[in-house]
Amino acid sequence: MTGKWLRRAVLLAACASAAVLSACGSSTIESALAPSRFIAFGDGLSDLGQSGSRYTVNDGTVNVWTQQVATSYGGTLVTQASGGTSYARGHARIVGTPDDVNGSTLTVVQQVDKFLAADKFGANDVVLLNGGLGDLLVSYNANSSNSASFAAAMTQAGTDLGTQVRRLVTAGAKYVVVSGMYDVSKSPWGVGTGQASMISNGVLKFNSALLLAINDLGANVLYIDAAYYYNLVIASPSSYSLTDSTNIACTSTDSGAGIGIGNGQVNSSLCTTSTLASGVDYTKYTFADKLYFTPAAQTLYGTYAYGRMKSRW
């Protein structure tokens with residue numbers, strides 16, 4: 001192991017612990033946070049229905065983690081398309097275009113551009129940010145037989161998201177909650193590719209690069225470790241009042257590109273309580289489709305993020 005890599009490994013090990021992540025590079029904040037409003041940027045894992053539906057079972061509940069965070073604070077979060085401040089959109093990449101279904105979805109950079117062109121951050125605004133899933137799908141499709149190129153692309157994507165975190169802080173955001181990428185190799189799609197090891201390494205590269213890019217922003221930034229949390233849920237669903245982390249709850253097949261893993265796949269943005277697999281209790285499932293989570297899994301993560309925020313701010 002080279003000295004450079006050893007220093008990097010030590011930094012990541014330090015920032016990976018829950019205790020250090022709560023205050024990595026920060027000073028103590030004495031007063032409890034009382035958010036004025038919530039602002040969200042990201043991809044389908046945070047999309048509150050920008051195009052009319054969400055990437056989960058569309059059951060009308062609080063079923064996306066960002067909304068769960070806002071609700072836990074007694075606040076609200078509504079899509080930008082409906083006049084609100086949630087800019088997250090399914091299929092969004094961080095910087096690159098086209099999106100993961102060869103479309104023109106606003107990137108995370110463009111979402112931030114749109115907000116900053118019309119608004120500014122208040123003293124008690126909370127920003128909720130995620131990204132990377134679209135980049136992973138595009139990079140995998142281009143480099144499924146080249147693990148080195150895939151890892152490099154994911155490292156760059158993590159750095160790019162870190163750049164946006166820094167941009168938000170520079171623009172005046174005092175409370176930025178950034179979610180790392182969950183380990184997509186554990187998803188039904190990831191398992192089915194036969195390339196779980198490569199995908200898992202790509203996620204690690206992404207999250208490591210993101211952490212390195214924000215390691216000095218702890219006074220304003222809280223990193224939520226989605227890979228850590230969802231690995232626990234997937235490994236032991238019964239510990240979280242779930243029963244199934246292997247199968248998917250929905251049957252809503254999309255003849256088109258759908259969720260970015262090929263034509264003719266189940267697409268949870270088309271899923272309702274009327275398009276569930278026979279006999280399935282979706283409230284006990286982790287995955288709605290092969291990539292996206294059920295309302296239960298989403299709200300679990302939102303509750304986890306809220307707990308981390310309360311202990312930090």
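Helices α9 and α10 are oblique to each other, a word used for angles that are neither under 35 degrees (roughly parallel), nor over 145 (roughly antiparallel), nor 65 to 115 (roughly perpendicular). The structure is a predicted model, in which local features need pLDDT of at least 70 and side-chain atom pairs count only at pLDDT 80 or more, while totals for chains, interfaces and linings use all residues. Residues are numbered from 1 along each chain as its sequence is written, and side-chain values use heavy atoms, with hydrogens and water left out.

Two packed helices are described by the angle between their axes and the distance between the axes. For α9 (residues 226-235) and α10 (residues 295-312), the angle is about 130 degrees and the axes lie 11 Å apart. Here axes are lines fitted to C-alpha atoms, for helices over the stretch in contact, and angles run from 0 to 180 degrees between N-to-C directions. Helices (H or I, at least four residues) and strands (E, at least two) are DSSP runs, numbered from the N terminus. The crossing of α9 and α10 is right-handed; in such a crossing the near helix is turned clockwise from the far one by less than a right angle, and in a left-handed one anticlockwise. On the α9 side, A226, Y228, Y229 and Y230 make the contact, and on the α10 side A297, Q298, L300, Y301 and Y304 do so, where contact means heavy atoms within 4.5 Å. By class, eight of these residues are nonpolar, one is polar and none is charged. In this scheme Ala, Val, Leu, Ile, Met, Phe, Trp, Tyr, Cys and Pro are nonpolar, Asp, Glu, Lys and Arg are charged, and the others, Gly among them, are polar.

Residues from α6 in the contact include F150, A151, M154 and L161, which meet α8 residues including M198, I199, F206 and L210. The whole contact has 13 nonpolar, seven polar and two charged residues.

The strands form an open sheet of four, in the order β1-β2-β3-β4, with parallel pairing; two strands pair if DSSP finds at least two bridges between them. Strands β1 and β4 (221-224) are the edges, each pairing on one side only. From one strand to the next, the twist averages 20 degrees. Four bridges join the parallel strands β2 and β3, and V127 has V176 of β3 as its bridge partner. Helix α8 packs on the sheet, touching β3 and β4, and its direction makes about 165 degrees with that of β4. Helix α10 also packs on the sheet, touching β2, β3 and β4, with a direction at about 145 degrees to that of β4.

The buried residues are W65, T66, Q67, Q68, V69 and A70, and they pack against β1 (37-41), β2 (125-129), β3 (175-179) and α10. After α3 comes G74, with a positive phi near 80 degrees.

I199 belongs to helix α8 and, at 0% relative accessibility, counts as buried. Apart from neighbours within four places in sequence, I199 is in contact with L136, Y140, F150, V184, S185, W189, G190 and T193. The C-alpha atoms of I199 and V221, 22 residues apart along the chain, are separated by 27 Å. Q111, in helix α4 (residues 108-118), is also buried, with a relative accessible area of 0%. Leaving aside neighbours within four places, the contacts of Q111 are F41, G42, Y87, A88, R89, A92 and L106. Y292 sits in the loop between β8 (285-287) and α10 and is buried at 1% relative accessible area. Not counting residues up to four places away, Y292 touches G44, L45, Y55, L133, I259, S268 and F287. Y292 and S269 are 23 residues apart in sequence, and their C-alpha atoms are 9.3 Å apart in space.

Definitions and conventions:
Buried means under 20% relative accessible area, exposed over 50%, partly exposed in between (1.4 Å probe, protein chains only).
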